[in-house]
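Biologist: I'd like to learn how to read a fold from its coordinates. Can we go through one together, feature by feature?

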Amino acid sequence: MAEMTTTNRKAEITAEPGKQEITIRRVFDAPRELVFRAHLDADAIRQWWGPAKYKNIIDKLEARSGGAWRFVQADTDGSEYGFHGVFHDVTSPERIVQTFEFEGMPGHVSLETATFEEQDGKTLATFSSVFQSVEDRDGMLQSGMEGGMNEGFNRLDALLESAK
């Protein structure tokens, strides 16, 4: 694999008080087909999903409407953190609708919609997560997800750059 240079951009996060939703917007300097594929390809996900301090294990990835997914992040101490969900809609290269559940907090499921819009050779990705309660949404915001997400997206930038 080619050497990757990591950028350091931040996603725009919107979480209105009293609402159960988080909206994240991020521009990637790559065509939307590449950005879309990187969200559903096991090899790509292993390389960019979440903080670099974790090894990503793709336990299951059925990237189709009705398919299931499960990813595990493992740290150097051997601790593992599982995440899983179900794909409700996969429309290439425009949209992915899926559920998301952290196995460390079972029963707290969010519905996530990712859309990918081509903009002059770049891609505007918009991620909307709807939680079961405002408390669940606030818990996600307080979990450190912003730092891990931005680190993962910056790693995705590098992966996309090497794929162009």
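Modeller: We'll go from the sheet to the helices, then to the backbone, the core and the charged pairs. This is a predicted model, where local features need pLDDT of at least 70 and side-chain atom pairs count only at pLDDT 80 or more, while totals for chains, interfaces and linings use all residues. Residues are numbered from 1 along each chain as its sequence is written, and side-chain values use heavy atoms, with hydrogens and water left out.

Biologist: Let's begin with the sheet. What is the order of the strands?

Modeller: Helices (H or I, at least four residues) and strands (E, at least two) are DSSP runs, numbered from the N terminus. Two strands pair if DSSP finds at least two bridges between them. Here you get an open sheet of eight strands in the order β1-β2-β8-β7-β6-β5-β4-β3, with antiparallel pairing. At the edges sit β1 (12-14) and β3 (55-61), each pairing on one side only. From one strand to the next, the twist averages 20°.

Biologist: And how many bridges hold β6 to β7?

Modeller: Seven, in the antiparallel sense. Ile 96, for instance, has Ala 114 in β7 as its bridge partner. These two strands form a hairpin with six residues between them, and Gly 107 in that turn has a positive phi of about 90°. Then β7 (residues 109-119) pairs with β8 (residues 122-130) over nine antiparallel bridges, and Glu 112 stands opposite Ser 129 in β8.

Biologist: Is β6 mostly covered or mostly open?

Modeller: First, the cut-offs: buried means under 20% relative accessible area, exposed over 50%, and partly exposed in between (1.4 Å probe, protein chains only). By that scale β6 is mostly covered, with six of its eight residues buried.

Biologist: Which strands do the helices touch or cross?

Modeller: Contact means heavy atoms within 4.5 Å. Axes are lines fitted to C-alpha atoms, for helices over the stretch in contact, and angles run from 0 to 180 degrees between N-to-C directions. Helix α3 (residues 134-142) packs on the sheet and touches β1, β2 (21-28) and β6 (95-102), its direction making about 40° with that of β2. Helix α4 (residues 145-163) lies across β1, β2 and β8, at about 25° to β2.

Biologist: What should I look for in the backbone?

Modeller: Most residues other than glycine have a negative phi, and most peptide bonds are trans. In this model, the peptide bond from Ser 92 to Pro 93 is cis, with omega near -10°, and Pro 93 lies in the loop between β5 (80-91) and β6. Asp 120 has a positive phi of about 55° although it is not a glycine. You'll find Asp 120 in the loop between β7 and β8, exposed at a relative accessible area of 82%.

Biologist: Which residues touch the most other members of the largest nonpolar core?

Modeller: In soluble globular proteins, nonpolar side chains tend to be buried together. A nonpolar core here is a set of buried Ala, Val, Leu, Ile, Met, Phe, Trp, Tyr and Cys residues joined through side-chain atoms within 4.5 Å. Of the 33 residues in the largest one, Ile 24, Trp 48, Phe 153 and Leu 160 touch the most other members. Its largest share, six residues, comes from α4. Leaving aside neighbours within four places in sequence, the contacts of Phe 153 include Ile 24, Arg 26, Trp 48 and Phe 127.

Biologist: How many salt bridges are there?

Modeller: Side chains of opposite charge can pair when their charged atoms come close. The cut-off is a side-chain nitrogen of Lys or Arg within 4 Å of a carboxyl oxygen of Asp or Glu. The structure holds nine. One of them joins Asp 157 and Arg 26, with the closest N and O atoms 2.7 Å apart. Asp 157 is in helix α4 and Arg 26 in strand β2, so the pair ties together parts that are 131 residues apart in sequence. Asp 157 counts as buried at 7%, and Arg 26 counts as buried at 2%.

Biologist: What about Arg 95 and Asp 89?

Modeller: Their side chains meet in a salt bridge at 2.5 Å, N to O. Arg 95 is partly exposed at 35%, whereas Asp 89 is buried at 17%. Elsewhere, salt bridges that share partners join Asp 59, Arg 70 and Glu 103 into one network.
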